[in-house]
Amino acid sequence: MDSAVPARALVFDAYGTLFDVHSISIACESLFPGKGVELSRLWRTKQLEYTWLRSLMGRYVEFEIITRDALGMACRTLNLELTQAVAARLMEGYRQLRLFPEVNDALATLRSRKLAILSNGSPAMLKALIEHAGLSLAFDAVISVDELKTFKPHPSVYGLVARHLGVNAGEVGFVSSNFWDVSGAASFGFRTFWINRNDSQPDELGFEPVAVVRRLDELLAHLS
């Protein structure tokens with residue numbers, strides 16, 4: 001995308017970008033002392049793997065089912081007993097993930113543009129997450145891949161943005177903490193911004209973000 005073209009819309013990934021997926025590690029630790037961080041990380045890894053594998057298989061199930069299945073796999077791998085009560089508690093915790101601390105103020109500075117979420121999350125999960133965070137009025141659209149029954153980074157998913165916001169790909173700034181998501185959006189034609197909070201290494205996928213920031217509130221300096 002030509003950096004001289006103003007971004008009429010900013011589209012955000014939800015999990016890991018606005019919401020800290022590893023805030024669930026606190027609940028994990030309370031249930032499985034000494035294993036909370038490890039369980040949270042493996043749970044997230046399996047969650048992402050299952051979205052990609054199911055997309056390749058053409059066997060879509062909604063993100064809530066994938067998240068529950070990934071939790072089960074992570075617990076089995078770590079030899080942790082996952083009862084129905086524990087699973088229910090952790091799944092409810094996933095609907096109440098903590099916002100990163102700068103998100104509210106950062107979104108307030110960006111509201112001269114159309115703002116949206118584009119997420120693998122199922123509609124019910126996203127609704128609960130956004131309401132819990134007090135962001136119900138913050139976005140012009142909350143877009144779930146459930147409309148298409150496939151997951152990011154399939155190109156068709158990024159195409160949902162035009163349908164919901166009425167903008168061209170070249171007018172969209174896309175923000176994610178997941179480099180594979182940034183690459184998928186850049187391949188589609190969005191101007192992309194990578195939130196790299198943990199000094200991660202970029203994947204070799206052939207597409208790069210136009211800017212890398214550590215926090216959402218650093219984004220404004222990079223927008224036309």
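In what sense do β1 and β6 pair, and over how many bridges? The two strands pair in the parallel sense, over four bridges, where strands count as paired if DSSP finds at least two bridges between them. The model discussed here is a predicted one, in which local features need pLDDT of at least 70 and side-chain atom pairs count only at pLDDT 80 or more, while totals for chains, interfaces and linings use all residues. Residues are numbered from 1 along each chain as its sequence is written, and side-chain values use heavy atoms, with hydrogens and water left out.

Six strands form an open sheet in the order β5-β4-β1-β6-β7-β8, and their pairing is parallel; strands (E, at least two residues) and helices (H or I, at least four residues) are DSSP runs, numbered from the N terminus. At the edges stand β5 and β8 (211–213), each of which pairs on one side only. From one strand to the next the twist averages 25°.

Strand β1 is joined to β4 by four bridges, the two running parallel, and Leu10 has Leu115 of β4 as its bridge partner. Towards β6, the bridge partner of Phe12 is Val175. Ala9 and Val11 point one way from β1, whereas Leu10 and Phe12 point the other way, and all are buried, buried meaning under 20% relative accessible area, exposed over 50% and partly exposed in between, with a 1.4 Å probe and protein chains only. Further along the sheet, β4 (residues 114–119) pairs with β5 in the parallel sense over four bridges, and Leu118 stands opposite Ile143 in β5.

Helices pack against these strands. Helix α6 lies across β4 and β5, running at about 145° to β5, while α9 (residues 179–188) packs on the sheet, touching β6 and β7 (191–195), with a direction that makes about 175° with that of β7. The axes behind these angles are lines fitted to C-alpha atoms, for helices over the stretch in contact, and the angles run from 0 to 180 degrees between N-to-C directions.

The largest nonpolar core has 72 residues, and those with the most contacts inside it are Phe12, Tyr15, Phe19, Trp43 and Leu216; such a core is a set of buried Ala, Val, Leu, Ile, Met, Phe, Trp, Tyr and Cys residues joined through side-chain atoms within 4.5 Å. The largest share of this core, six residues, comes from helix α3 (residues 63–77). Leaving aside its neighbours within four places in sequence, Phe12 is in contact (heavy atoms within 4.5 Å) with residues including Leu107, Leu115, Ile117, Phe139, Val175 and Leu216.

An α-helix has 3.6 residues a turn, so residues three or four places apart point the same way.

A search of the whole structure finds 13 salt bridges, each a side-chain nitrogen of Lys or Arg within 4 Å of a carboxyl oxygen of Asp or Glu. One of them joins the side chains of Glu171 and Arg8 (3.2 Å, N to O). Glu171 lies in the loop between α8 (160–165) and β6 (172–176) and Arg8 in the segment before β1 (9–12), so the pair ties together parts that are 163 residues apart in sequence. Glu171 counts as buried, at 17% relative accessibility, whereas Arg8, with a relative accessible area of 40%, is partly exposed.

Another salt bridge brings together the side chains of Glu147 and Arg163 (3.3 Å, N to O). This pair links distant parts of the chain, 16 residues apart, with Glu147 in the loop between β5 (141–144) and α7 (155–158) and Arg163 in helix α8. Here Glu147 is partly exposed at 38% relative accessibility, and Arg163 is exposed, with a relative accessible area of 58%. The side chains of Arg215 and Asp217 also meet in a salt bridge (2.8 Å, N to O), and Asp13, Lys152 and Asp181 are linked in a network of salt bridges.
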